[in-house]
Amino acid sequence: MNRVVITGLGVVAPNGIGQDAFTRATKNGESGITFHPKLQELNFSCCIGGMPVVDDTLRAKYLSPLQLRGFNSAGILYGCMAGMDAWKDAGLAIDEHATADPHSGMVFGAGSSGIDKFREAIYLLDDKQVRRLGSTVVVQTMASGISAYLGGILGLGNQVTTNSSACTTGAEALLMGFERIKYGKAKRMLVGSCSDDGPYIWGGFDAMRVMSYKHNDDPERGSRPMSASASGFVPGSGAGALVLESLQSALDRGANIYAEVLGGMVNSGGQRLGGTMTAPNSDAVQQCIKGAIADAGIEAQAIDVINGHLTATSKDSTEIANWVTALGREGINFPYINSQKSMVGHCLAAAGAIESVATILQLKHQLVFPNINCEDIHPEILDLIDESRIPQKSMETPLRIAAKASFGFGDVNACIIFSNFSN
Amino acid sequence: MEKEELITKLKKIVLPYIQDQEAFDHLSEETRFITDLKINSANLVDVILDVEDEFDIRIENEEMEQMVSVVAAMNIITAKMGKQ
């Protein structure tokens with residue numbers, strides 16, 4: 001069994017693009033949530049959201065003029081940016097003339113692909129102009145669009161695939177890559193996930209009334225995980241990417257090691273025992289957390305910080321209760337916990353990857369990132385854990401082990417245990 | 001339309017898709033789109049759409065199959081435009 005370490009990070013988030021900007025913004029508790037007139041024009045209840053700001057100049061740094069011809073897929077763009085950044089951050093070359101590397105692969109998830117491109121295509125199709133679609137529709141709208149784009153850009157010769165499990169996608173991708181390296185099937189795996197954005201991806205959630213509609217005048221205050229005044233999630237988007245590598249491979253090439261993936265677990269609640277299409281089976285969530293801890297070979301007491309799923313719905317208290325039960329820790333003995341979503345919103349399929357990057361950055365910088373917008377912590381949460389466990393300002397403290405969990409529609413769960421690297 | 005003008009327009013159309021700059025710099029009537037200019041075969045349909053837009057013509061599937069070189073494209077475009 002190989003030990004698996006993280007040697008590269010890339011992130012495209014609503015509050016910062018690139019590791020430095022994202023770290024700075026997150027550390028300072030800066031929100032990336034803004035008002036979107038387009039949503040208001042379309043009669044959305046929730047007119048705020050988080051979209052990374054990528055202009056034409058920035059796009060052109062990642063994709064060629066040919067790749068950008070007829071290009072209209074936000075998720076693929078964010079994913080390529082994060083993936084290429086992570087690859088370079090790991091000290092690996094992007095060489096279009098090199099042969100494919102049989103030892104490097106990718107699991108890069110997505111919830112949908114090229115939804116805006118698909119919309120364009122549908123208008124043409126309904127106008128009986130199928131022949132006018134050109135060659136660009138399939139590659140941008142196929143579910144595996146992101147892994148197809150990135151796999152070619154990086155020249156990966158091992159498994160190249162896209163996974164999809166709603167808001168668990170990014171965390172699941174990471175664990176799929178982790179297992180592939182652990183069992184010796186690959187030396188390096190680029191893992192991550194991305195999400196489209198805008199009305200055509202967010203509309204369904206707005207219709208379900210699960211998005212926050214009370215902060216259209218005050219977007220930065222809108223995403224309120226763990227707050228008594230939370231009124232639903234704020235949609236976000238972007239991408240996160242991590243280069244996972246066998247410890248041996250990382251040492252052989254003298255790579256910078258951010259952290260180690262100790263273990264993890266994915267499972268499903270089967271939409272039984274309180275679990276539904278949209279709500280978690282708490283037993284399964286607890287089993288997932290406990291399973292991850294067992295897989296990592298640590299004690300629950302060793303966890304220093306949790307990066308939760310915590311979307312800012314009524315389920316936040318349930319999630320905290322599940323952590324308390326699974327870890328057997330409560331009150332002042334509970335680990336520090338935070339939700340990246342307070343600053344970037346719920347980045348849907350990209351959430352698990354962006355938040356995993358944030359988790360690693362906390363280990364790297366030895367600080368707990370702040371939770372914003374929870375000055376009024378929900379009383380049900382305070383019944384379970386001490387207020388000091390939910391830092392509202394960035395806090396320097398020694399951190400060794402971090403847990404990251406993501407939960408998704410379909411009653412699916414993933415939990416990952418990361419550790420500082422020491423050989 | 002003069003031959004020269006037609007070639008100039010075609011060069012502008014294929015430029016975004018070519019992957020062999022040298023072949024493009026020496027483009028002549030005999031130049032072939034895939035074998036010489038190394039245009040990805042999937043992109044040929046995009047070249048056809050751009051040709052249709054530029055010359056305001058419609059190119060059918062059978063004609064597209066014949067459009068392997070600059071001269072073939074010129075013949076088809078000229079014939080189509082003559083009919084209009």
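In this predicted model, helix 4 of chain A meets helix 7 of chain A through Gly75(A), Ile76(A), Gly79(A), Cys80(A), Gly83(A), Met84(A) and Trp87(A) on the one side, and through Gly145(A), Ile146(A), Tyr149(A), Leu150(A), Ile153(A) and Leu154(A) on the other. By class, this contact holds 9 nonpolar and 4 polar residues and no charged ones. The axes of helix 4 (residues 74-89) and helix 7 (residues 145-154) of chain A come within 9 Å and cross at roughly 35°, and the crossing of helix 4 of chain A with helix 7 of chain A is right-handed.

Asp196(A) itself lies in the loop that runs between strand 7 (188-195) and helix 9 (199-207) of chain A. Is Asp196(A) buried or exposed? Asp196(A) counts as buried, because 26 C-beta neighbours fall inside 10 Å, and the threshold for that class is 20 or more. The C-alpha atoms of Asp196(A) and Ala349(A) are separated by 8.6 Å, although the two residues are 153 residues apart along the chain.

Within helix 11 of chain A, the residues Ala284(A), Val285(A), Cys288(A), Ile289(A), Ala292(A), Ile293(A) and Ala296(A) are buried. The cover over these buried residues of helix 11 of chain A includes strand 9 (259-268), helix 12 (315-327), strand 14 (401-408) and strand 15 (412-419) of chain A. Just after helix 11 of chain A, Gly297(A) adopts a positive phi of about 70°.

Helix 12 of chain A, one of these covering elements, has an axis that comes within 9 Å of the axis of helix 11 of chain A and crosses it at roughly 50°, which means that helix 11 of chain A is oblique to helix 12 of chain A. The crossing of helix 11 and helix 12 of chain A is right-handed. Ser282(A), Val285(A), Gln286(A), Ile289(A) and Lys290(A) of helix 11 of chain A make this contact with Thr318(A), Asn322(A), Trp323(A), Thr325(A) and Ala326(A) of helix 12 of chain A, and the residues involved divide into 4 nonpolar, 5 polar and 1 charged.

In chain B, helix 1 (residues 3-14) and helix 3 (residues 44-55) pack at an angle of about 135°, with their axes 10 Å apart, so helix 1 of chain B is oblique to helix 3 of chain B. Their crossing is right-handed. Here Lys9(B), Ile13(B) and Val14(B) of helix 1 of chain B meet Val47(B), Asp50(B), Val51(B) and Glu54(B) of helix 3 of chain B, a contact with 4 nonpolar, no polar and 3 charged residues. Val14(B) is 49 residues from Glu63(B) in sequence and 17 Å from it in space, C-alpha to C-alpha. Glu63(B) is found in helix 4 (residues 61-66) of chain B, and is partly exposed, because 18 other C-beta atoms lie within 10 Å.

Finally, the two chains meet where 7 residues of chain B are in contact with 6 residues of chain A, and the side belonging to chain B comprises 5 nonpolar, 1 polar and 1 charged residues.

Technical notes:
Residues are numbered from 1 along each chain as its sequence is written. Chains are lettered from A and ligands numbered from 1 in the order in which they are written. This is a predicted model: local features need pLDDT of at least 70, side-chain atom pairs count only at pLDDT 80 or more; totals for chains, interfaces and linings use all residues. Ala, Val, Leu, Ile, Met, Phe, Trp, Tyr, Cys and Pro count as nonpolar, Asp, Glu, Lys and Arg as charged, and the others, Gly among them, as polar. A residue is buried if 20 or more other C-beta atoms lie within 10 Å of its own, exposed if 12 or fewer, and partly exposed in between; C-beta atoms are placed from the backbone. Helices (H or I, at least four residues) and strands (E, at least two) are DSSP runs, numbered from the N terminus. Axes are lines fitted to C-alpha atoms, for helices over the stretch in contact, and angles run from 0 to 180 degrees between N-to-C directions. Angles under 35 degrees count as roughly parallel, over 145 as roughly antiparallel, 65 to 115 as roughly perpendicular and the rest as oblique. A crossing is left-handed if the near helix is turned anticlockwise from the far one by less than a right angle, and right-handed if clockwise.
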